[in-house]
Amino acid sequence: MLYLGTAIALVACTPRAASREPSRDDIAREVDTMFRRSAQAWTHGELDAFMGDYLPGDRTTYVSSKGLIHGPAAIRERYAPRFAAGAMHDSLSFENVEIDPLAPGVVHVVAWYVLSRGDSIVARGPTSLVMVRDDRGRLRIVHDHSS
(Lines give C-alpha, C1' and ligand atoms only; values in the text may rest on other atoms or scores of the structure.)
Protein backbone atom coordinates (compact mmCIF):
# COMPACT_ATOMS: atom_id res chain seq x y z
CA MET A 1 0.00 0.00 0.00
CA LEU A 2 1.31 3.47 -0.96
CA TYR A 3 0.91 6.14 1.66
CA LEU A 4 0.14 9.76 0.80
CA GLY A 5 3.47 10.99 2.16
CA THR A 6 5.36 8.47 0.01
CA ALA A 7 3.32 9.42 -3.07
CA ILE A 8 4.06 13.12 -2.56
CA ALA A 9 7.77 12.37 -2.16
CA LEU A 10 7.77 10.34 -5.38
CA VAL A 11 6.05 13.12 -7.33
CA ALA A 12 8.45 15.70 -5.93
CA CYS A 13 11.40 13.65 -7.18
CA THR A 14 10.20 13.34 -10.78
CA PRO A 15 12.27 15.25 -13.36
CA ARG A 16 9.31 17.50 -14.30
CA ALA A 17 8.76 18.58 -10.71
CA ALA A 18 12.48 19.08 -10.20
CA SER A 19 12.86 21.37 -13.25
CA ARG A 20 12.80 25.06 -12.56
CA GLU A 21 11.19 27.85 -14.52
CA PRO A 22 13.87 29.97 -16.24
CA SER A 23 14.64 33.34 -14.68
CA ARG A 24 13.47 36.56 -16.31
CA ASP A 25 17.04 37.12 -17.57
CA ASP A 26 17.12 33.60 -19.07
CA ILE A 27 13.81 34.25 -20.81
CA ALA A 28 15.08 37.62 -22.11
CA ARG A 29 18.17 35.92 -23.58
CA GLU A 30 16.00 33.21 -25.16
CA VAL A 31 13.69 35.80 -26.74
CA ASP A 32 16.69 37.83 -27.94
CA THR A 33 18.14 34.70 -29.58
CA MET A 34 14.78 33.97 -31.21
CA PHE A 35 14.48 37.53 -32.53
CA ARG A 36 18.03 37.47 -33.93
CA ARG A 37 17.35 34.12 -35.65
CA SER A 38 14.02 35.38 -37.00
CA ALA A 39 15.55 38.62 -38.27
CA GLN A 40 18.39 36.76 -39.99
CA ALA A 41 15.95 34.37 -41.70
CA TRP A 42 13.73 37.26 -42.85
CA THR A 43 16.69 39.27 -44.14
CA HIS A 44 18.05 36.28 -46.08
CA GLY A 45 14.65 35.34 -47.51
CA GLU A 46 14.45 32.01 -45.66
CA LEU A 47 10.70 31.60 -45.08
CA ASP A 48 10.88 28.10 -43.56
CA ALA A 49 13.48 29.24 -41.04
CA PHE A 50 11.43 32.36 -40.26
CA MET A 51 8.32 30.24 -39.62
CA GLY A 52 10.26 27.83 -37.37
CA ASP A 53 9.47 29.86 -34.27
CA TYR A 54 5.70 29.43 -34.60
CA LEU A 55 4.02 26.65 -32.62
CA PRO A 56 2.63 23.98 -34.98
CA GLY A 57 -1.14 23.54 -35.04
CA ASP A 58 -4.32 25.50 -35.60
CA ARG A 59 -4.12 26.93 -32.09
CA THR A 60 -1.49 29.34 -33.42
CA THR A 61 -2.96 32.63 -34.64
CA TYR A 62 -1.92 35.79 -36.43
CA VAL A 63 -4.01 38.95 -36.28
CA SER A 64 -4.03 40.74 -39.63
CA SER A 65 -5.94 43.77 -40.88
CA LYS A 66 -8.25 41.31 -42.67
CA GLY A 67 -8.95 39.15 -39.63
CA LEU A 68 -7.61 36.23 -37.67
CA ILE A 69 -5.41 33.68 -39.43
CA HIS A 70 -5.23 30.18 -37.90
CA GLY A 71 -2.23 27.86 -38.14
CA PRO A 72 1.36 28.24 -39.33
CA ALA A 73 0.50 27.05 -42.86
CA ALA A 74 -1.95 29.94 -43.33
CA ILE A 75 0.48 32.38 -41.70
CA ARG A 76 3.22 31.11 -44.01
CA GLU A 77 0.92 31.69 -47.00
CA ARG A 78 0.43 35.29 -45.88
CA TYR A 79 4.19 35.89 -45.75
CA ALA A 80 5.10 33.91 -48.89
CA PRO A 81 4.92 36.81 -51.40
CA ARG A 82 7.57 38.70 -49.42
CA PHE A 83 9.88 35.69 -49.75
CA ALA A 84 9.21 34.88 -53.41
CA ALA A 85 12.09 34.76 -55.88
CA GLY A 86 12.90 38.30 -56.98
CA ALA A 87 11.08 39.89 -54.03
CA MET A 88 12.81 42.68 -52.13
CA HIS A 89 14.31 41.24 -48.94
CA ASP A 90 14.31 44.05 -46.43
CA SER A 91 16.44 43.77 -43.32
CA LEU A 92 14.43 43.02 -40.18
CA SER A 93 15.37 44.10 -36.69
CA PHE A 94 13.57 44.54 -33.39
CA GLU A 95 13.79 47.30 -30.81
CA ASN A 96 12.26 48.29 -27.48
CA VAL A 97 11.63 44.65 -26.55
CA GLU A 98 9.61 44.18 -23.36
CA ILE A 99 9.15 40.72 -21.85
CA ASP A 100 6.40 39.81 -19.41
CA PRO A 101 6.37 36.23 -18.07
CA LEU A 102 2.66 35.56 -17.49
CA ALA A 103 2.81 32.05 -16.02
CA PRO A 104 5.20 29.11 -16.08
CA GLY A 105 5.88 28.46 -19.76
CA VAL A 106 3.91 31.50 -21.01
CA VAL A 107 5.50 34.81 -22.03
CA HIS A 108 4.08 37.99 -23.55
CA VAL A 109 6.53 40.00 -25.64
CA VAL A 110 5.95 43.48 -27.04
CA ALA A 111 8.48 45.06 -29.39
CA TRP A 112 8.80 47.26 -32.45
CA TYR A 113 9.83 45.61 -35.70
CA VAL A 114 11.87 47.65 -38.16
CA LEU A 115 12.20 46.84 -41.87
CA SER A 116 15.13 48.62 -43.53
CA ARG A 117 16.37 48.91 -47.09
CA GLY A 118 19.90 50.25 -47.04
CA ASP A 119 19.84 53.31 -44.79
CA SER A 120 16.07 53.84 -45.12
CA ILE A 121 13.36 52.49 -42.84
CA VAL A 122 10.54 51.21 -45.06
CA ALA A 123 8.24 49.94 -42.30
CA ARG A 124 8.08 50.08 -38.55
CA GLY A 125 5.38 48.95 -36.19
CA PRO A 126 4.41 47.17 -33.00
CA THR A 127 4.40 43.44 -32.54
CA SER A 128 2.75 41.67 -29.64
CA LEU A 129 3.53 37.98 -29.23
CA VAL A 130 2.33 35.35 -26.80
CA MET A 131 4.84 32.52 -26.55
CA VAL A 132 4.48 29.13 -24.90
CA ARG A 133 6.97 26.39 -24.17
CA ASP A 134 6.58 23.37 -26.42
CA ASP A 135 7.13 19.81 -25.19
CA ARG A 136 10.88 20.22 -25.78
CA GLY A 137 11.04 23.32 -23.57
CA ARG A 138 11.50 25.79 -26.45
CA LEU A 139 9.51 29.03 -26.52
CA ARG A 140 7.31 29.19 -29.64
CA ILE A 141 4.92 31.87 -30.89
CA VAL A 142 1.28 30.89 -30.38
CA HIS A 143 -0.32 34.33 -30.95
CA ASP A 144 1.12 37.10 -33.15
CA HIS A 145 -0.33 40.56 -33.64
CA SER A 146 1.97 42.67 -35.77
CA SER A 147 0.80 45.84 -37.46
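These legends describe close-up views of a predicted model.

**View 1. The largest nonpolar core.** This core holds 27 residues. Val31, Phe50, Tyr54, Tyr79, Val109 and Met131 touch the most other members. Helix H3 (24-43), helix H4 (47-51) and helix H5 (72-83) each give two or more residues. So do strand E3 (91-103), strand E4 (106-117), strand E5 (120-133) and strand E6 (139-146). The largest share comes from H3, with 7 residues.

**View 2. The surroundings of Met131.** Met131 is among the core residues that touch the most other members. Which residues is Met131 in contact with, leaving aside neighbours within four places in sequence? Val31, Met34 and Phe35 are among them. Gly105, Val106, Val107 and Val109 also belong to the list. Leu139, Arg140, Ile141 and Val142 complete the list.

**View 3. A salt bridge within helix H3.** A search of the whole structure finds 9 salt bridges. One of them joins the side chains of Asp32 and Arg36, at 2.8 Å from N to O. Both residues belong to helix H3. They are 4 residues apart, so about one helical turn separates them. Asp32 is partly exposed, with a relative accessible area of 36%. Arg36 is exposed, at 57%.

**View 4. Asp53 and its two arginine partners.** Asp53 forms a salt bridge with Arg37, and their closest N and O atoms are 2.6 Å apart. Asp53 lies in the loop between H4 and strand E1 (61-64), while Arg37 lies in helix H3, so the pair ties together parts that are 16 residues apart in sequence. Is Asp53 buried or exposed? Asp53 is buried, with a relative accessible area of 2%. Arg37 is partly exposed, at 36%. The side chain of Asp53 also meets that of Arg138 in a salt bridge, at 2.5 Å from N to O. Arg138 sits in the loop between E5 and E6, so its pairing with Asp53 ties together parts that are 85 residues apart in sequence. Arg138 counts as partly exposed, at 31% relative accessibility. Shared partners join Arg37, Asp53 and Arg138 into one salt-bridge network.

**View 5. A stacked pair of phenylalanine rings.** The whole structure contains 8 aromatic pairs. In one of them, the rings of Phe35 and Phe94 have their centres 4.1 Å apart. Their planes lie at 20 degrees, so the pair is stacked. Phe35 belongs to helix H3 and Phe94 to strand E3, so the pair ties together parts that are 59 residues apart in sequence. Phe35 counts as buried, at 6% relative accessibility. Phe94 is partly exposed, at 24%.

**View 6. An edge-to-face pair between two helices.** The ring centres of Trp42 and Phe83 are 5.1 Å apart. Their planes lie at 80 degrees, so the pair is edge-to-face. Trp42 lies in helix H3 and Phe83 in helix H5, so the pair ties together parts that are 41 residues apart in sequence. Trp42 counts as buried, at 8% relative accessibility. Phe83 counts as buried too, at 10%. Ring pairs link Trp42 and Phe83 with Phe50, Tyr54, Tyr62 and Tyr79 into a cluster.

**View 7. Arginines over aromatic rings.** The charged end of Arg78 sits over the ring of Tyr79, 5.6 Å from its centre. Tyr79 is also part of the ring cluster. Elsewhere, Arg124 lies over the face of Trp112, at 4.7 Å from the ring centre.

Terms used:
Residues are numbered from 1 along each chain as its sequence is written. This is a predicted model: local features need pLDDT of at least 70, side-chain atom pairs count only at pLDDT 80 or more; totals for chains, interfaces and linings use all residues. Side-chain values use heavy atoms; hydrogens and water are left out. A nonpolar core is a set of buried Ala, Val, Leu, Ile, Met, Phe, Trp, Tyr and Cys residues joined through side-chain atoms within 4.5 Å. Buried means under 20% relative accessible area, exposed over 50%, partly exposed in between (1.4 Å probe, protein chains only). Contact means heavy atoms within 4.5 Å. A salt bridge is a side-chain nitrogen of Lys or Arg within 4 Å of a carboxyl oxygen of Asp or Glu. Rings of Phe, Tyr and Trp (its six-membered ring) pair if their centres lie within 6.5 Å; planes under 30 degrees apart count as stacked, over 60 as edge-to-face and the rest as tilted. A charge sits over a ring if NZ of Lys or CZ of Arg is within 6 Å of the ring centre and within 35 degrees of the ring normal.
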